[in-house]
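Please look through the sequence and the model below before reading on. The text that follows takes the parts one at a time.

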Amino acid sequence: MASAAAHPTSLSIAARAATRAAAAAAAAATPLRRGGLAAACQPARSLAFTAADARLAVHVASRCRQASSARGTRAVATMAKKSVGDLTEADLEGKRVFVRADLNVPLDENQNITDDTRIRAAVPTIQYLIGKGAKVILSSHLGRPKGVTPKFSLAPIVPRLSELLGIQVQKADDCIGPEVEKLVSALPNGGVCLLENVRFYKEEEKNDPEFAQKLASLADLYVNDAFGTAHRAHASTEGVTKFLKPSAAGFLLQKELDYLVGAVSSPKRPFAAIVGGSKVSSKIGVIESLLEKCDILLLGGGMIFTFYKAQGLSVGSSLVEEDKLELATSLLAKAKEKGVSLMLPTDVVIADKFAPDANSQIVPASSIPDGWMGLDIGPDSIASFNAALDTTQTIIWNGPMGVFEFDKFAVGTEAVAKKLAELSGKGVTTIIGGGDSVAAVEKVGVADVMSHISTGGGASLELLEGKELPGVVALDEAVPVTV
Ligand SMILES: Nc1ncnc2c1ncn2[C@@H]1O[C@H](COP(=O)(O)OP(=O)(O)OP(=O)(O)O)[C@@H](O)[C@H]1O
Ligand SMILES: O=C(O)[C@H](O)COP(=O)(O)O
C-alpha cells in the first residue's frame, strides 16, 4: 500500500500550468452571457471594457448589496465592508487611490501571459475609479521572489492591462521611493500607474509597518481588490489600511465574498458540495465546515481511498493517508449525525501505474485488486452523482474527481463540469472554489456559464473553511443602512 507521502500523485507544476494555459486561451475571448443577478455579479469577461461596463459594475455592486440585505445573514457575512461603489466622484476626483490587486498571473518562459483571468477580473474596479477622475496607483505581487528578481517583474502585465483599460498604463520601476513619488505626482486624473512587484521588498510579507507607511504615503485612500491574496496579512493587503482612510473593498473582492461566503451560508436548498482533490488532509477544514451547511456531500479524487480503507475495503496501491483513517471514520459519522447525505463513488477507474498510458479498467469500489490504483470515479458513480445533483439548487465544487491531467482519467471530473454547466443553465447556483477544479472547468470550456469561478486558490479554501481573511477584516465597515 502506498503511503501518501511516497505516492506519485502530482504532475509537474509546468504540466499543470500548460493545461491551465490551454484552457485559459479558449476562455479568454468569451463574453459575459448569462442573465440575472448572479451572472451580472461576474467580472466582465469581454476584452473591451467600456464605460457602460463600469456603470454595470456600479449597478451590480449596489444590486448585490440590495440582494444581500434581502438575504439577511448573507448581508452580514458579505457586505459589511465599505465598497468602492460607495465612493462618489466627489470622493475620488483628483484623489490618489492605492489599489491592491492580485495580478499574479502565470507567465511562460518568454514572459508571455498564459492566463489573463486575474487581470480581466481587476478591470471593473480600476475602470470605475478612473471613470470618476481618480489617479490609480496599482499594486500587486507576482510569484514568490526573494529580493529583486527580473523574471518576477510586473512589466509583462502592462500591455494587456493597457489594452483592457483602453489607456496607456504607466509602469514604475519600484514600489516606493522618490522616483515612484515623481511618477505618481505627474499622473493625470484618470491615469493608472502600476508599481513594481511589492514582494521585491521582504518587508511586504513581514507586514512591516514602516514599509506599509511608505506605500500609504503615495496615496489618499485605499481599495483592496486582491481576493487571491486576501488570506495574507501583508503590508499592501493589511498593514497599509492603518495609514489610509477610507479603506474599501473592490468589486471583485465583494463578488468573491458574496458567493463564497454569502451563497454558501444561506444557500437556496437543497445545497450540494462536491469535494475532491488528492488528499483528505488538505480538505479536512473544508469538509468539516461544509458538513455544517450542505444537504448533500459528494466526495471524489484521491481522498476517497482513505475513506474506503477506513471502512475495511481493499484499495490496492491507491493513494491512502494511513494516519487519517480515524478522521475519515469520524467525518462519515459526523455526516450521519448532521443528516447530510454523504456519497462516496460506488465504482472507480483503476490503473496499473500512475501514467497517462496506464492500462485501465472499471471496477466496483469494493474490489480494487492489489497492484492497481484508483485514478478516477467510474460511470455508475457519475450517474448517481448526477442524479443527486439534479435535485439541488446550489452547488459548490472544490477539487477534481480524478487525475484529470491524464485524459484517460479525466472523465469523472469532466462529467461533473458538464453537469454543473447544464444545471447552471437551469438556474442552479454553481460555484467553483478555485484551484484545479477551475482548471478542469476551463479545460471543458464551460467556465463562462458557471455562476461564479473564484480567482483565489488558497483564499477560497480558507473562506470555505470558515476563516476570516486579514485583507478583508482590515477594511472599513460599511455605514449601516436602515431599510
Ligand atoms: N485518485 C487520485 N489519485 C491521485 N491523485 C489524484 C486522484 N484524484 C485527483 N488527484 C489529483 O489531485 C490533484 C488536485 O488536488 P488538490 O487537493 O490540489 O485540489 P485543488 O484544491 O482543486 O487544487 P489546488 O491545490 O490547486 O487549489 C490533481 O493534481 C489530481 O491529479
Ligand atoms: O496565486 C495565489 O494563490 C495568490 O496570488 C497568492 O499567492 P501566494 O500563495 O504566493 O501568497
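Strand E15 (residues 394-398) and strand E16 (residues 429-432) pair in the parallel sense, over 4 bridges. Two strands count as paired if DSSP finds at least two bridges between them. Helices (H or I, at least four residues) and strands (E, at least two) are DSSP runs, numbered from the N terminus. The model is a predicted one: local features need pLDDT of at least 70, side-chain atom pairs count only at pLDDT 80 or more, and totals for chains, interfaces and linings use all residues. Residues are numbered from 1 along each chain as its sequence is written, and chains are lettered from A and ligands numbered from 1 in the order in which they are written.

Within this pair, Ile396 has Ile431 of E16 as its bridge partner. Helix H17 (residues 436-444) packs on the sheet and touches E15, E16 and E17; the direction of H17 makes about 115° with that of E16. Such angles run from 0 to 180 degrees between N-to-C directions, and the axes are lines fitted to C-alpha atoms, for helices over the stretch in contact. Contact between two residues means that their C-beta atoms, placed from the backbone, lie within 7 Å.

The whole sheet is open and has 6 strands in the order E10-E8-E7-E15-E16-E17, with parallel pairing. Strand E10 (341-343) and strand E17 (452-453) are at the edges with a single partner strand each, so one side of each has no neighbour in the sheet.

Another open sheet has 3 strands in the order E12-E11-E14, and here the pairing is antiparallel. Which strands stand at the edges? They are strand E12 (360-364) and strand E14 (373-377); each has a single partner strand, so one side of each is left without a neighbour in the sheet. On average, neighbouring strands of this sheet are turned by 40° against each other, direction ignored. Strand E11 (residues 347-351) pairs with E12 over 5 bridges, and Val348 stands opposite Val363 in E12. Helix H15 (residues 379-389) lies across E11, E12 and E14 and runs at about 145° to E11.

In helix H7 (residues 157-165), the residues Ile157, Leu161 and Leu164 are buried. A residue is buried if 20 or more other C-beta atoms, placed from the backbone, lie within 10 Å of its own, exposed if 12 or fewer, and partly exposed in between. The three cover an arc of only 60° around the axis, which puts them on the same side of H7; the arc is that of the directions from the helix axis to the C-beta atoms. An α-helix has 3.6 residues a turn, so residues three or four places apart point the same way. The buried residues of H7 pack against helix H6 (117-131) and strand E4 (192-194). After H7 comes Gly166, with a positive phi near 75°.

Helix H6 also holds Val123. Val123 counts as buried because it has 25 C-beta neighbours inside 10 Å.

The domain assignment, which is automatic or from a database, gives domain 1 (33-257) and domain 2 (267-464). Between them, 16 residues of domain 1 are in contact with 11 residues of domain 2. H6 gives the most to the side of domain 1 that touches domain 2, with 3 residues.
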